[in-house]
Amino acid sequence: MAEPQATAALFPAPPPFWKHFTRQNVRRAKQHRESGPIDDEQDPDLRYLIPPEPPADGKYKVFGLAIDLHEKPATLESAGIEQLYPQHPSVRLSPQPHLISLARSLLTTFLSLTGILGQDPELFEDRAADLQTIMYNMHDLINQYRPHQARETLILMMEERVEKMRAEIRAVDGSKEKVDKLLAGLREGELSQVAATAAQQDHQTRTLTDTTTNERKQRQRAAWAALDDDSG
């Protein structure tokens, strides 16, 4: 019995140009971009670090599939597929009822297909084609709803941004109120301290005045007493 072969790698090896993405090459590419365009002929190690230019004609390939940005999107009519929903602008803005109807038709057709497969499997082609047509129509409706979905998503993002800014404003207003209360408390404390100092000074002045008055009265009494003694 042959021995099982050991697995060399669970995943395919990465592309060979990953070796060029070193820290040194990244720093050099950044320096070259700041100083001017990179010449990949003079510095071939950096040619993989140069992003490609955007397509001038709007055509490019992704995984071998040619993409043309200027090409009009395909429609059911251009693809030769029967359109099952009405051709009206309101359908794009509110496709939910039509999608629900198509979903019900899809379930009904699927049940019919299962019944046919139980009785005569060779007659499945018509029901399978109907299922495919319904799925194409549902997919087309969903694609037409994309612009409206993008607008609604943008509106939601803007509303969240506005609410976030309002929350920041409320937080700033709350901080301002706290600072105002703190300053008001400090002012009240300063006024109370000034009032207490003034009251203390007034008390000291009155005490000094009373002391001076008492001393004067005592001197006057002593003088009158001396006069009484002399006259007696």
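## Lysine 59

Lysine 59 lies in strand E1 (residues 59–62). Strands (E, at least two residues) and helices (H or I, at least four) are DSSP runs, numbered from the N terminus. This is a predicted model: local features need pLDDT of at least 70, side-chain atom pairs count only at pLDDT 80 or more, and totals for chains, interfaces and linings use all residues. Residues are numbered from 1 along each chain as its sequence is written, and side-chain values use heavy atoms, with hydrogens and water left out.

Lysine 59 touches Ile67 and Asp68, not counting residues up to four places away in sequence. Contact means heavy atoms within 4.5 Å. Glutamate 71 is twelve residues from lysine 59 in sequence; C-alpha to C-alpha, the two are 9.4 Å apart in space.

## Helices H3 and H4

The axes of H3 (residues 96–119) and H4 come within 9 Å and cross at roughly 165°. Axes are lines fitted to C-alpha atoms, for helices over the stretch in contact, with angles from 0 to 180 degrees between N-to-C directions. H3 and H4 are therefore roughly antiparallel to each other (angles over 145 degrees).

Residues of H3 meeting H4 include Leu99, Leu102 and Phe110. Among their H4 partners are Phe124, Leu131 and Met138. By class, this contact of H3 with H4 has 16 nonpolar, five polar and two charged residues. Ala, Val, Leu, Ile, Met, Phe, Trp, Tyr, Cys and Pro count as nonpolar, Asp, Glu, Lys and Arg as charged, and the others, Gly among them, as polar.

## Pocket lining

Helices H2 (89–93), H4 (124–144) and H5 (146–231) each supply at least two residues of the lining of the largest pocket. The largest share, five residues, comes from H4. By class, the lining has nine nonpolar, seven polar and five charged residues. On a 1 Å grid over the protein atoms alone, a pocket is an open set of points where a 1.4 Å probe fits, with protein on both sides within 12 Å along at least five of seven lines; lining residues have an atom within 4 Å of a point.

Terms used:
Parallel < 35°, antiparallel > 145°, perpendicular 65-115°, else oblique.
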